[in-house]
Amino acid sequence: MISLHNLTVSYQRHPAVHHVSGRFAPGQATAIFGPNGAGKSTLLKTIMGAIRPDSGEVRFDGFGRKDIAYLPQQSEIDRSLPVSVIDLVSSGHWRQSGLFGRVGRKLDEVSWNALVSVGLEDFALHPVAALSSGQFQRVLFARILVQDARLILLDEPFNAVDARTTFDLLALVRRWQEEGRTVIAVLHDYEQVRAFFPQTLLMAREVVAWGATDTVLTDSNLKRASETAAHWQANAPVCAVDGQGARP
């Protein structure tokens, strides 16, 4: 469904993602896991198309970026806009209605049902600026529900979110897998990855291990990821113009 081929992404010619290749398992949830500064969010944004790689490519088999639902980190979202909860959720219908088109009764019902799914139907007319972090994250997940996307990208979706909200939203991740959707999420919580994500890409700017979570998250692999990340921090090479910088 989606594969990476010798992907390198750099900032000021220092690689954040270095020669990453591999294939995401279709219809399953994959966690991108690793130490701070491992290039996890950079990789996700490159898959989304928000960052252009220095070299290599992201390949989609049978669908394009229009089939992707992307949830950035909350810190990257402006919550000051004067928009209601139901309007934000309904903006997920843009493929059917157009960017400025009117949402009909049928799509209104879909938006309402999405709010019910995340337990926020009583907040439909509230401004998003009045919501807590956990409530706002529920709204963003409701927007993903109405998008009905085949590939769902989540960047630290449970960061600074209360435990109850995290549990409810992880149930949605499980539901998406049961529906055959592909989910790729940047995560920091070891237990969440083990319990809800059958596949894991362990990164330290480069691939440390990629495959079934039980075989990836071993003590030896986690130690190697930490050591590799520390080595990158101390010895980050400069990439050549063609993206083929030497390994540290």
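This is a predicted model: local features need pLDDT of at least 70, side-chain atom pairs count only at pLDDT 80 or more; totals for chains, interfaces and linings use all residues.

I then listed the contacts of Phe197, leaving out residues up to four places away in sequence, and found Ala29, Thr30, Ala31, Leu170, Val173, Ala185, Leu187, Gln192 and Thr213.

I checked the length of α6, residues 163-178, against what its residue count implies: at 1.5 Å a residue its 16 residues should span 22 Å, and the end C-alpha atoms are 23 Å apart, which agrees. Next I looked up its buried residues, which are Thr165, Thr166, Leu169, Leu170, Leu172, Val173, Trp176 and Gln177. Because these cover an arc of only 150 degrees around the axis, they lie on the same side of α6. Ala163, Arg164, Phe167 and Glu178 are exposed and sit on the face turned away from that buried side.

I also wanted to know what covers the buried residues of α6. The cover includes β3 (29-33), α5, β6 (151-155), β7 (182-186) and α7 (190-196).

At the two ends of the helix I wrote down one detail each. At the start of α6, the backbone nitrogen of Arg164 has a side-chain oxygen of Asp162 within 3.3 Å, and just after α6 there is Gly180 with a positive phi of about 85 degrees.

I looked for Ser84 and found it in the loop between β5 (68-71) and α2 (85-90). Is Ser84 buried or exposed? Its relative accessibility is 13%, so Ser84 counts as buried, the cut-off for buried being under 20%. Setting aside neighbours within four places in sequence, I found Ser84 in contact with Ala124, Leu125, His126, Pro127 and Val128.

Glu57 and Arg59 form one, with the closest N and O atoms 2.7 Å apart; Arg59 is partly exposed at a relative accessible area of 42%, and Glu57 is partly exposed at 34%.

Asp148 and Arg181 form another, again with 2.7 Å between the closest N and O atoms. Since Asp148 is in the loop between α5 and β6 while Arg181 is in the loop between α6 and β7, this pair ties together parts that are 33 residues apart in sequence. For the two partners I noted that Asp148 counts as exposed at 51% relative accessibility, whereas Arg181 counts as buried at 16%.

A further salt bridge joins the side chains of Arg175 and Glu179, at 3.3 Å from N to O. Glu179 is partly exposed at 40% relative accessibility, and Arg175 is partly exposed at 33%. Through salt bridges that share partners, Asp148, Arg175, Glu179 and Arg181 are joined into one network.

Methods
Residues are numbered from 1 along each chain as its sequence is written. Side-chain values use heavy atoms; hydrogens and water are left out. Contact means heavy atoms within 4.5 Å. Helices (H or I, at least four residues) and strands (E, at least two) are DSSP runs, numbered from the N terminus. The expected span of a helix is 1.5 Å times one less than its number of residues. Buried means under 20% relative accessible area, exposed over 50%, partly exposed in between (1.4 Å probe, protein chains only). The arc is that of the directions from the helix axis to the C-beta atoms. A polar contact is a pair of N or O atoms within 3.5 Å; within protein, one must be able to donate a hydrogen and the other to accept it, and residues adjacent in sequence count only if both atoms are side-chain atoms. A salt bridge is a side-chain nitrogen of Lys or Arg within 4 Å of a carboxyl oxygen of Asp or Glu.
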